Amino acid sequence: MMVRESQVSWSCQLVSGCEGKHQMLLLRCLMLLLLLPLSSMPQKLPTRDEELFQMQIRDTAFFHDSSVIPDGAEISSYLFRDTPKRYFFVVEEDNTPLAVTVTPCDAPLEWKLSVQELPEEASGEGSGEPEPLEQQKQQITNEEGIELFSYKGNDVEYFMSSSSPSGLYHLDLLSTEKDTHFKVYATTTPQSDQPYPELPYDPRIDVTSLGRTTVTLTWKPSPTASLLKQPIQYCIVINKEHNFKSLCAVETKLSSDDAFMMAPKPGLDFSPFDFAHFGFPSDNNSGKERNFLKPSSKFGHQTSSKQRADLHKVCIRNKNIFTVSDLKPDTQYYFDMFAVNTNTNTSTAYIGTFARTKEEAKQKMVELKDGRVTDVFIKRKGGKFLRFAPVSSHQKVIFSIHSCLDAVQVQVRRDGKLLLSQNVEGVRQFQLQGKAKAKYLIRLKGSKKGASILKVLATTRPNKQSFPSLPEDTRVKAFDKLRTCSSVTVAWLGTQERNKFCIYKREVGDSYNEEQKKREQNQCLGPDMRKKSEKVLCKYFHSQNIQKAVTTETIRGLQPGKSYLLDVYVIGHSGHSVKYQSKLVKTRKFC
């Protein structure tokens with residue numbers, strides 16, 4: 001086992017009280033003193049007395065600036081580039097089980113485990129006197145011991161032996177690429193400790209469903225959760241670059257831009273147990289960092305989440321199926337899964353996988369003819385591409401777009417260059433500067449509420465207008481004081497352009513409401529779709545003074561106490577019509 005003395009006395013009486021027959025105890029005490037930094041306050045070495053061990057682990061100052069590895073606890077520390085670091089631990093008895101695990105977090109490591117025999121006798125030439133302290137320090141410094149294991153790379157690697165000799169063990173680490181984090185775990189009771197979650201017999205992540213924007217993943221549960229009933233949660237990591245070999249590497253990547261990621265300066269005190277405030281987010285900061293990229297519904301229900309623009313981490317408790325959504329079509333993603341013991345905060349990586357989402361369904365390009373209205377239908381959240389290629393040179397191009405239902409997003413590009421991007425509701429007209437032999441691409445993106453219907457006109461002739469001009473406000477106003485049992489009076493705005501207006505009425509039941517009216521609000525349905533009996537009248541109207549472009553009309557011959565839906569249509573010179581917003585009115589019941 002590792003260091004078992006519950007404490008090392010710093011009093012001189014320990015040295016003076018040792019007789020020649022107790023030389024071995026004296027030498028061992030002196031060697032332990034060498035491993036501890038000089039301090040005005042006494043420091044305790046870790047033991048596996050569980051009550052004392054737990055108390056020591058909770059004390060973050062206990063291992064401050066210490067090179068001693070505690071038995072049965074994972075430590076986190078930092079390496080400067082090309083600056084080796086050595087850790088120690090003592091195994092007192094022969095045939096002791098031993099397990100050492102090293103986890104690189106950011107860069108490949110070179111590490112080596114060696115053992116050096118503890119001195120069995122003093123070298124005082126039979127005098128019975130112990131060696132001076134300086135001689136023992138020189139002996140430990142010069143003797144490298146026997147190399148047991150070495151590794152170079154960025155994998156989580158471990159050394160394990162069921163029967164290790166007693167001695168002083170050295171763990172030497174070096175990073176030749178850059179400054180980096182790492183973690184170390186060592187124990188003399190590997191069978192009972194089991195600090196890391198165990199992987200199932202098949203530790204692969206399976207892709208069970210693949211779409212254009214979604215990927216469904218499944219995996220087998222960790223036996224640590226299913227058999228040992230320890231608290232395990234699963235954390236999924238999604239990125240576009242590569243698979244990760246440890247959760248430590250993910251956390252380092254996520255924290256690489258944080259302010260507290262500044263490395264400690266060489267020579268300053270640094271505790272390997274300060275990782276909660278050094279390179280790894282503490283619980284106190286988690287709420288602030290989560291605002292860096294607010295978790296969205298794409299990750300479903302989650303217990304914790306951290307994101308960067310190119311890297312996402314989601315923890316989903318103990319489920320073993322998860323669907324990642326809102327991905328980009330025809331894009332390769334890498335998926336990693338980590339089983340995390342929430343009691344010890346240790347983790348084990350499943351075998352990562354990758355998948356490419358399906359391509360976006362290729363849409364047929366709609367060709368626009370100069371001066372001709374084209375009807376366009378778009379599914380909910382869908383899109384359409386239109387192409388306009390004028391056959392002759394032109395100075396201007398006019399796009400007229402009539403969105404019959406909800407607002408749609410319109411983008412126009414000329415030879416690949418974005419010229420405009422706007423939301424369109426009702427009728428909008430855009431006039432753009434022309435260019436010889438130019439080709440225009442119009443992208444229409446539908447509403448999230450439902451399907452979209454549009455009428456689109458593209459022309460290089462400014463006088464070729466199919467759509468009538470409209471005022472900014474297309475509401476129809478009813479005058480309540482002018483209501484009678486058989487008539488209602490309404491008003492609407494016009495423009496400076498002389499247009500034809502037609503009014504239609506339809507009797508509706510008392511249960512007819514605004515929601516039903518909204519569902520019927522298709523501005524592209526013209527008067528030709530109405531019954532002749534519903535027509536009230538048609539008239540021409542305009543005003544050069546836009547402030548006075550208001551007209552009123554009284555609709556007569558109505559029934560007392562009845563509800564009617566009124567529609568006003570404005571009809572352009574080419575016959576294309578646009579409907580104003582419908583108006584629900586009701587006649588008086590008693591007069």
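I took contact to mean heavy atoms within 4.5 Å. Before going on, I noted that this is a predicted model, where local features need pLDDT of at least 70, side-chain atom pairs count only at pLDDT 80 or more, and totals for chains, interfaces and linings use all residues. Residues are numbered from 1 along each chain as its sequence is written, and side-chain values use heavy atoms, with hydrogens and water left out.

**T353**

I looked up T353 and found it in strand β17 (residues 353–356); strands (E, at least two residues) and helices (H or I, at least four) are DSSP runs, numbered from the N terminus. Leaving aside residues up to four places away in sequence, T353 touches I205, V207, N243, Y333, Y334 and F335. T353 has a relative accessible area of 16% and is buried (buried is under 20%, exposed over 50%, partly exposed in between, with a 1.4 Å probe and protein chains only).

**Sheet with β9**

β9 and β10 (residues 215–218) run antiparallel and are joined by 4 bridges; two strands pair if DSSP finds at least two bridges between them. The open sheet has 3 strands in the order β9-β10-β14, with antiparallel pairing. I see β9 (206–210) and β14 (321–324) at its edges, each with a single partner strand, so one side of each has no neighbour in the sheet. From one strand to the next the twist averages 25° (axes are lines fitted to C-alpha atoms, and angles run from 0 to 180 degrees between N-to-C directions).

**Sheet with β29**

I then checked another open sheet of 3 strands, β25-β26-β29, which is antiparallel. Its edge strands, β25 (477–478) and β29 (550–555), each pair on one side only. I found 6 bridges between β26 (residues 488–493) and β29, and the partner of T489 in β29 is T554.

**Helix α7**

Is α7 enclosed or open? I find 7 of the 8 residues of α7 (residues 247–254) buried, so the helix is largely enclosed by the rest of the structure. The buried ones are L247, C248, A249, V250, E251, T252 and L254.

**Second largest pocket**

I noted a volume of about 930 Å³ for this pocket. Of its 24 lining residues, E360, K381, G382, G383 and K445 are the closest to its centre. β19 (373–378), β20 (383–388) and β23 (440–445) are the elements that give two or more residues to the lining. By class I have 7 nonpolar, 7 polar and 10 charged residues in the lining.

Methods. 1 Å grid on protein atoms, 1.4 Å probe; cavity = no way out; pocket = protein on both sides within 12 Å on 5 of 7 lines; lining within 4 Å. Points joined across faces, edges and corners; volume = space filled by probe spheres on them. Nonpolar A, V, L, I, M, F, W, Y, C, P; charged D, E, K, R; others polar.
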